[in-house]
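Student: I would like to learn how to read a structure feature by feature. Where do we begin?

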Amino acid sequence: MAAQNILLAVAILLLAKLFMNWYKYCSIPGPLLAGTSDLWRAYYQYRGQLRSKLLTLHKIHGPIVRYGVDAVSISDPSAISIIYGSRAGFVTVSTAESYKVLVGISNGKEVASLVSTADEAKHGALRRSVSKAFTPAAVLDYEVYIDQTIPDLLQALERHETVDLSEMMLLYSMDSATRVSFGETLGCLESESDVGGTIQLIRDRFNHWGWWSSIPTLERLVYRNPYSMRVQRTPSSMAAKAVSLLKSRADTTEDKTHSDLLQKFIQAGHDSPETLDMTGIVGLLMSTISGAGDTTATTMTAWLFNLMKSPEVMRKLRAEIVEAKLSVPPSFAEVNKLPYLNAVLKESMRVYPTPTFPMERKVPSGGVSIAGTFFPEGITVGCMPSAIHMNPTAFGEDAEVFRPERWLEADEDSLRSMESAHLGFSRGRRACLGQHIAVMQMKKVISSLIVTFGVSVLPLGRLICTFYRYEEYFSVSIRTL
Ligand code: HEM
């Protein structure tokens, strides 16, 4: 009897807690279960379906949707400057919330990467210390590394008639990211394999983020308890290589033989030793390699896939590229002049942006009004790029269609409003640091592929599985022109 009473009391307390959770923001529309417990969003995130679920919910409920106890997705473009604009004072969700599960563990200690550094001042100082390495002018120094890697990709493709494009793009992106970062590849393209398991490590990290970010308290209990923290983790071969290269170059700020990120970070460490030490440099290199690998591969795969599904766009793009008489690999100066190539890239990143859940920020003290709704201090708000990108107010009634021409036909005002609603590289103080590298790389690689190969989708294909989980099935046939 006593046990029954205890069970009853526990059940009542649990129901009361679920009710209180829901009641807290019950005026915000969204599924009832999402408001009662974060297990709802954890379930969809685990299954890789949160993106499509949120898109459907925005169609039903409009621009503001509650998808967690304290989490709200906003698809109104006016939210972007408020949430991500530098003046707003919003902070990346920190303690016990989504970005926290991205913090790495090394020698029993938590080591934050740039993206998972919650402290705004620390994040800002770290970012400023290396920002010179990522300006549009500075990234031209890395072009040589991309030029060395593109022929490896073309050779690897020539060895096959049919390829899993996403896998090949991933091998390319890893080799290119490591070359840009420290001047050497791990040899993924040459061996057509995940050398040293580095890709798997990055994949695990992203999956871990996706699976646990909704329930960070549980993640802490499972992975950051005193026992788990003590478990020794072997450093990845990529990290080991970065450490050994850093040691061999540590005192070489005058080095003229390398123009990679490592050399620029060493210089930044000399300029701001209080902000960037040896561990910080290795951490930043790991951040750039893991930030660059999958995102670039996914974006290029989606870009080619969109082209293959739209023969007219492919025809126009090929015509522009052929007319430009590009060398292979082309110089960035050559490809950066091509207007249709630029429009296709923007459009592809619009219809298939890489983040698959809202980029969450905490509302600062005093609260804030967004899209006509007041959000109190502490609640988490965020924009999911795919939801914003499907908004007809910013992109027109045909927002769901892949149509690069929209970027060329728009008048000045519409173009400005489309540009400011494009979240492919995020926005504000935590926007993608490597975006100029990514754009240079993608324009050069896609042009090289189009000049060299004919590509078409095979009707019955394999599941193309990236870290972000494609929802479409296809494989790709490649033939040399
Ligand atoms: C098409 C390719 C890429 C896409 C779509 C992309 C997208 C993004 C996005 C959306 C974020 C913000 C994440 C968030 O706030 O939750 C981000 C951050 C970041 N990206 Fe990229 N990225 C790409 C390529 C690269 C490359 C090539 C590098 C480095 C060479 C890079 C380095 C970083 C870093 C270091 C951050 C963290 C910035 C910070 O927290 O201050 N990314 N990226």
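Tutor: Begin with the record. UniProt positions are given in the numbering used here, feature names are shortened, and annotations may be inferred rather than shown by experiment. In this case, an unreviewed UniProt entry lists C432 under "binding site".

Student: What should I know about the model itself?

Tutor: It is a predicted model, in which local features need pLDDT of at least 70, side-chain atom pairs count only at pLDDT 80 or more, and totals for chains, interfaces and linings use all residues. Residues are numbered from 1 along each chain as its sequence is written, and side-chain values use heavy atoms, with hydrogens and water left out.

Student: How many helices and strands are in the chain?

Tutor: Helices (H or I, at least four residues) and strands (E, at least two) are DSSP runs, numbered from the N terminus. The chain has 23 helices and 12 strands.

Student: How do I read a metal site? Which protein atom is the donor to the iron atom of the ligand?

Tutor: Donors are N, O and S atoms within 2.8 Å of the metal (3.2 Å for Na, K and Ca); water is not among the atoms, so sites may look incomplete. Here the protein gives the iron atom a single donor, SG of C432, at 2.3 Å. C432 sits in the loop between α22 (412-421) and α23 (435-452).

Student: Now the cavities. How many does a search of the whole structure find?

Tutor: Picture a 1 Å grid over the protein atoms alone: a cavity is a set of points where a 1.4 Å probe fits but cannot get out, and lining residues have an atom within 4 Å of a point. Grid points are joined across faces, edges and corners, and a volume is the space filled by probe spheres set on the points. The search finds 4 cavities of 30 Å³ or more. The largest cavity holds about 1000 Å³ of space. It is lined by 49 residues, and the closest to its centre are V115, G291, T295, C432 and L433.

Student: Which element gives the largest share of that lining?

Tutor: Helix α15 does, with 9 residues. At least two lining residues each come from α6 (120-130), α8 (165-182), α10 (198-212), α15 (278-309), β7 (359-362) and α23.

Student: How do I read packing between helices?

Tutor: T299 is in helix α15, and M442 is in helix α23. T299 is buried, at 6%. M442 is buried too, at 1%. Beyond four places in sequence, M442 touches T296, T299, M300, W303, L345, M349 and F425.

Student: What share of the whole chain is buried?

Tutor: Of its 481 residues, 53% count as buried.

Student: Last, backbone geometry. What is the general idea?

Tutor: Most residues other than glycine have a negative phi, and most peptide bonds are trans. Here V328 and P329 are joined by a cis peptide bond, with omega about -5°. P329 lies in the loop between α16 (311-323) and α17 (332-335).

Terms used. 1 Å grid on protein atoms, 1.4 Å probe; cavity = no way out; pocket = protein on both sides within 12 Å on 5 of 7 lines; lining within 4 Å. Buried < 20%, exposed > 50% of the residue type's maximum accessible area, 1.4 Å probe, protein only. Contact = heavy atoms within 4.5 Å.
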